Amino acid sequence: MRLTNWRPLTTALAVMLVLTACGGVSESENSTESTTPVTSATTDASVTETTQGVVSGTTDGLAGTTLNFWIMGDTATAFEELVSGFTAETGINVKVDAIPWDAVNDRLTTAVASGEGPDVTQIGLSLLPTFIAGEALMDVSDLVGDYPNLTAASFPSDIMATLNPGGATYSFPWVSDTRVLFYRSDILGDAGFSEPPATWDELLKMASVLADRGSTKYGYYIPQWDAPLPVAYTWQAGGDVIAADGSIDLDTPEFRDAVDHYLAFYDAGVVPTAGDWDQALGFITGDAPMLVSGPYLAGAINDQAPELEGSWGVTMVPTGVNNTSLFAGSNVGVWSGSENPEAALALIDYLARPETQLAWYAAVNELPAVSAALEELKAGDDAMVAVYAAQLANSRLLPLDPAWDAVGQEILTMLNSVALTGADKGQALADLFDSVARIVEG
Amino acid sequence: MGVLGRQEVTTAAVPARPTHHEPGSTNTSRKQRISAATKSLTPYGFVAPSFLFLLAFGILPIVVAAVVSFTDLDITGLANPDNISYIGLENYRRLISDSDFWRSLQTTGIFIVFGVPSIIVISLTIALGLSVSSSRLFRVLRMFYFLPAITAIVAISLIWGFMYNTQFGLLNYLLTSIGSSPINWLSDPQMAKVSVAIVAIWRATGLNIIIFLAAIQSIPRDYYEAAAIDGATGWASFRWITFPLLRFALLFVTVTTLIAWLQFFDEPFVLTDGGPVGATTSISLFIYQEGFSFNRFGYASAGTVVLFLIIVTVTAFQLRLYRSNHA
């Protein structure tokens, strides 16, 4: 009897508790939902007068439809304002659902598994391969001809073809993003540097001088979570992470150079070792007066420390063999299960209008992806925009491979294990090549 | 360390209390007019609702996970079932050769070795202190100690994240203001384990203090009076009266705490996301990352099956040990 006594209890205990193994996941994905008011009368004059901006005739009969839109990050409120003009013009409502960047993959897999997705979604370029592999995006090749702003010619060179493999049309560039070097000209000046560093060597030398300002002062900042950074270093070393046959290959001299460059800052003790370092705060206080980041950091600095205006600047990333940087950004696409593809495309067409693109840059500092808008922005006399545009022209995409995300994480783990725990570099590299082989194989 | 899990244990564990008698056994002498068939079916009627729940939310997901663990399910398989193929034990073979998996097991083991005794000792000590009096002050204190158990993990992680922060955290501010050098609470791989464990221990004590306190207060005062007459000191009455009479509470807290640490997830997930360099990646977090960050659902399912077997084994062993000592 003894056995029969404890067995059910054990099983019950075990069963229930295993179920809750991951059940405690906090619902930190506090999505905010709201609907753009239909009665928005704030139609911008420029919107109605625009020549190419008139939404095509296909919106007839679509008034009153509601589109669900997934936006990533914390720009939902600004986005609702942006699309109020679209609602006023077409009568199509847009319901915006904000998804934090680190919850995007969860929402994607749940939506793919349940078949319940939005109508239109923003897609961070690093997740684009996963969206396509998950068949989450609709191929709109047959419909797109009706939308004047969505032709391949609207976007820089061959970007449409690169981002839409296999001749399909899954998504359209919406915002571009690149990485430039941010530096505090006042602090560099105090240390005797009149110009920001232009090469890898100068960067390291200047960072070392700046780090000597005190025990809590650093010269440079490397985000421990920044997976694209080591890849950009590999490009700057003149190499690539993709071999000629299209497979992921890290066992190259250039990748090793990138690793050495990355680790050199830790060796010299000129970067913070804290993983919870706040880059904007570190830059504003001057504790880490140089870092590589995107235009959104400029927005954060202007918001949080307007008094610093004039004492900081941006420049192209320092040169190893070249100064190629990361091309990032977001696309927008129609969800594969959407019942309103015409309304969805009308919205995307609206988002691709140059004036919408410029309004979005003004609102949240995200660079236009439409060539005409970028040209117009460059024509202004904003020195920072000139740097962004020059860097964008010299930037590359991360590998468009669903396995890349896991590989990028392995690279970071390898680098940080050497930088933070003093692991042996040779051994860590060998382990990295092993795990990459495992990821690629299956 | 889900509160949900603990509540389920409570309901599951109660029928198994050694002192518990089934109502039927005391009533057998009574003449009852219901037929034998109805009588034997009645208990099933009572357990049916919870059994159905267990079936739908307990057994079924485990069966599904077990089935998925033999496939290569990923996001393409979610979109289109044609993309799923049966790969036999391949996921388990890879799991065994995955150093990250072994590392997460080892990390979980370290957390258990330090976490379980800490929670038991701290909870019991505070419960003993709180049982000294039932004055207004002590009632307020009881509430105070229970707070961590009812505070949302997101709020906890925000507050602790701020306190631990390297640049502007309270703890480093205090350290530097007394002339000591700052500590990388969440960034140093060794220290991060400690920091995350401190939050988990702090959070788990709330409920366990209440369990111990209830158990202590249910011990009849007469025993202590009798012991006092015999000249027992405070320590002796604890050692020979309180401690032995707490054995069920101790077992319960040990089992639930151990299982909670085996499933350790919330604190590293919200505070460090398993970092730095995987130093706080527990087995549950490893499974989560494989499944929901990298969309390798088949592989992650194999991990959950292994974790399930570990928990079943550990729990069975503990309960058997308890019964052979006390039955």
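Here are some notes on a predicted model, for someone opening it for the first time.

1. Ground rules first. Residues are numbered from 1 along each chain as its sequence is written, while chains are lettered from A and ligands numbered from 1 in the order in which they are written. Because the model is predicted, local features need pLDDT of at least 70 and side-chain atom pairs count only at pLDDT 80 or more, whereas totals for chains, interfaces and linings use all residues.

2. Start with chain A, which is assigned domain 1 (33–178 + 328–396) and domain 2 (180–326 + 398–441); the bounds come from an automatic or database domain assignment. Taken over C-alpha atoms, the centres of domain 1 of chain A and domain 2 of chain A are 30 Å apart. Domain 1 of chain A brings 20 residues to their contact and domain 2 of chain A brings 19 residues, where contact puts C-beta atoms, placed from the backbone, within 7 Å.

3. On the side of domain 1 of chain A that touches domain 2 of chain A, two or more residues each come from α5 (128–133), β5 (171–178), α16 (383–393) and β11 (395–396) of chain A. Helices (H or I, at least four residues) and strands (E, at least two) are DSSP runs, numbered from the N terminus. α16(A) gives the most to that side of domain 1, with five residues.

4. Next, look at α9 (residues 228–236) and α10 (residues 253–267) of chain A, whose axes come within 8 Å and cross at roughly 120°. The axes are lines fitted to C-alpha atoms, for helices over the stretch in contact, and angles run from 0 to 180 degrees between N-to-C directions. A:Pro230, A:Tyr233 and A:Thr234 of α9(A) meet A:Glu254, A:Phe255, A:Ala258, A:His261 and A:Tyr262 of α10(A).

5. Helix α14 (residues 354–364) of chain A has A:Pro354, A:Thr356, A:Gln357, A:Ala359, A:Trp360 and A:Tyr361 buried (20 or more other C-beta atoms within 10 Å of a residue's own, with C-beta atoms placed from the backbone). Their cover includes α3 (76–90), β5, α13 (341–351), β10 (367–368) and α15 (371–379) of chain A. Just after α14(A), have a look at A:Asn365, which takes a positive phi of about 65°.

6. Finally, chain B has 16 helices and zero strands. Of its 327 residues, 36% count as buried. Among contacts in chain B between residues at least 6 apart in sequence, 68% join residues at least 24 apart.

How values were computed
Contact = placed C-beta atoms within 7 Å. Buried ≥ 20, exposed ≤ 12 C-beta atoms within 10 Å, placed from the backbone.
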